[in-house]
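Me: I would like to learn how to read a model of two chains, one feature at a time. Could we begin with the place where the chains touch?

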Amino acid sequence: MDIQIKNRKLVTLVVCLIPLLWLFLDIAFGNLGSNPIQALHIRLGDWSLRFLCITLAVTPIQMMTRWRGMSDYRQMLGLYAFFYATLHLLAYLVVDNNLMWSIIGTDIIESPYIWFGVVAYLIVFALAITSPKWVMKSMGKSWKKLHRLIYVSSIAAIIHYFWQLKGNLAEPLLYSIIIFFLLLFRVLLWKTRHELKEMMIPKGYE
Amino acid sequence: MIKTQKKIPSSEITDFTAFKERRKFIKAMLATAASASIPSAWANNAKPNAWNLAKSDLSNTALTPTPIELVKNYTNYYEFTLNKEDSTKLAQNFITDPWSLEISGEVENPGSYHLEDILRQQTLEERIYRFRCVEGWSMVVPWVGFSLANLLKMAKPLSTAHFVKFTTIQQPETMPSQRNNVMLEWPYVEGLRIDEAMHPLTMLAVGMYGDILPKQNGAPLRLVVPWKYGFKSIKAIVKIELLKYSPLTTWNKAAPTEYGFYANVNPDVSHPRWSQNSERQLGSGFFTSRRQTELFNGYGEQVAELYRDMDLRHFF
């Protein structure tokens, strides 16, 4: 790998940690408002969702701009989505519930919005542990199939966001619009390819 | 009896003199110390009982009130904003003077009253209540006010009065959501069954933490029903109607499967999308567990009788 790419990767790695640093500063200075535990929680969830969106945006941006090289970062961006999702989960278990499993258990069973969070997380978790190159190679074709589940994860994450709210739906709405277009891109791409493929089939063989 | 001033449009009710009178009046009621001027008293963390307040047996004196700054800066006041931390600033242009309250419907003595005239008839009490929001957080607030029953008794409900409907002021010039038709149908409406309304725990609050209510907390007059979710405790009330039939209340109308008319705090009846089993207490630190929510928010001993033989799952 050439040294320039290596440096750029390092910069990206550090830049992606800024939201976390920013969060620590807000905790230290008491900037999280009247319900800091919830604020912390939402902040981590937001960043997880943002990284999920950024990861999903890599392919469309690359195809539209013909700017090669972005896909070098896709793995790292995806892992950051996993990283913030893990912190989000840990914040729920430890910071919010102090590992009181009886309360956590009831909460999860009785809260459908959490089910969607769990689905979204389990998928991202599976993608994270299969992300190293050697796993990818050993998995062959099924790797790609598995990693397509990121689409399901993004939809589950959006439902998870929407379903916990009573009033202000502006933010989840914004993310759903973004994810809608990112997924629409895939659908259109698939359709175009499918049509091209059909055009390739010689007459009489349809 | 309250002196009635029937059929006076609210726009004509109080001029500047009345406003001055209100301040004088409230100051007198609040004793002297904390309120040299009302705005500065808001800024101070006035100690509970800076006013000469009657002690109430209904107060949960064992509970420690949540720090006032948290209570003042975390309010669901959708007329101003859907964001709990923005209403403090946005509510500051809200006009609370003059204020009149209409009592009408199935009562012997309907009428429209200056808030001052109402307060003159009442003994203000401090009551520390736990306040539980349907969103899963709670706080402990020392409210200042009086039992709604005391006011209703003066209006003399007829035997046909089975429900009470409360309406918030329509003030679109200061309330952006009313101006722009945001989210809910305005004005905000809430309701209680007559026996719930007459229950001594049900109070009308004009203050908290030994001072008058901040605007974002529902000034100048709000309902507090401690065993129900917070959205029942309607703010800035201008109208109380006694009705034969149940009123259609705002959240119930907006999402009938999610927010019931009763809205009693109940850890065993989940909201369709989230559990109501536990709550985050404002003011508790990181790494403290959520609090186990209590049936009727801990007021079961006083109010469970009201719901005897009722299926609380059905009448949620």
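Reply: In this predicted model, 23 residues of chain A are in contact with 25 residues of chain B, where contact means that the C-beta atoms of two residues, placed from the backbone, lie within 7 Å. Residues are numbered from 1 along each chain as its sequence is written, while chains are lettered from A and ligands numbered from 1 in the order in which they are written. Because the model is predicted, local features need pLDDT of at least 70 and side-chain atom pairs count only at pLDDT 80 or more, whereas totals for chains, interfaces and linings use all residues.

Me: Which elements give two or more residues to the side of chain A that touches chain B?

Reply: Elements are DSSP runs numbered from the N terminus, with helices (H or I) of at least four residues and strands (E) of at least two. Those that give two or more residues to this side of chain A are helix H3 (36–65), helix H4 (71–96), helix H5 (101–110) and helix H6 (112–129), and H5(A) gives the most, with four residues. By class, the residues of this side divide into eight nonpolar, 11 polar and four charged, where Ala, Val, Leu, Ile, Met, Phe, Trp, Tyr, Cys and Pro count as nonpolar, Asp, Glu, Lys and Arg as charged, and the others, Gly among them, as polar.

Me: How many helices and strands does chain A have?

Reply: Chain A has 10 helices and zero strands, and its C-alpha trace spans about 70 × 45 × 35 Å along the principal axes.

Me: How are two packed helices described?

Reply: Two packed helices are described by the angle between their axes and the distance between the axes. The axes are lines fitted to C-alpha atoms, for helices over the stretch in contact, and angles run from 0 to 180 degrees between N-to-C directions. Here H6(A) and helix H9 (residues 150–163) of chain A pack at an angle of about 150 degrees, with their axes 8 Å apart. H6(A) and H9(A) are therefore roughly antiparallel to each other, since angles over 145 degrees count as roughly antiparallel, under 35 as roughly parallel, 65 to 115 as roughly perpendicular and the rest as oblique. The crossing of H6(A) and H9(A) is left-handed, a term used if the near helix is turned anticlockwise from the far one by less than a right angle, with right-handed used if clockwise. Among the residues that meet are A:Phe116 and A:Ile123 in H6(A), and A:Ala156 and A:Trp163 in H9(A); the contact has 14 nonpolar, three polar and no charged residues.

Me: At what angle do H4(A) and H6(A) cross?

Reply: The axes of H4(A) and H6(A) cross at roughly 135 degrees and come within 10 Å, which makes H4(A) oblique to H6(A). This crossing is left-handed. Residues that meet include A:Phe82 and A:Leu89 in H4(A), and A:Tyr121 and A:Phe125 in H6(A), and by class the contact has 10 nonpolar, one polar and no charged residues.

Me: What is the order of strands in the open sheet of chain B?

Reply: Two strands pair if DSSP finds at least two bridges between them. The open sheet has five strands in the order E3-E2-E11-E6-E7 (chain B), with mixed pairing. Strand E3 (111–114) and strand E7 (189–193) of chain B stand at the edges, each with a single partner strand, so one side of each is left without a neighbour in the sheet. Strand E6 (residues 163–168) of chain B and E7(B) run antiparallel and are joined by five bridges, and B:Phe166 has B:Glu190 in E7(B) as its bridge partner.

Me: Which peptide bonds are cis, and where is phi positive in a residue other than glycine?

Reply: Most residues other than glycine have a negative phi, and most peptide bonds are trans. In chain B, the bond from B:Asp97 to B:Pro98 is cis, with omega near 0 degrees, and a cis bond also joins B:Ala219 and B:Pro220. A:Asn98, in the loop between H4 and H5 of chain A, has a positive phi near 50 degrees.

Me: Where does pLDDT stay under 50 in chain B?

Reply: Where pLDDT is low, the predicted coordinates should not be read in detail; pLDDT is the predictor's confidence in each residue, from 0 to 100. The mean pLDDT of chain B is 88, and 84% of its residues reach 70 or more, but pLDDT stays under 50 over residues 3–16 and is below 50 over residues 31–49 of chain B.
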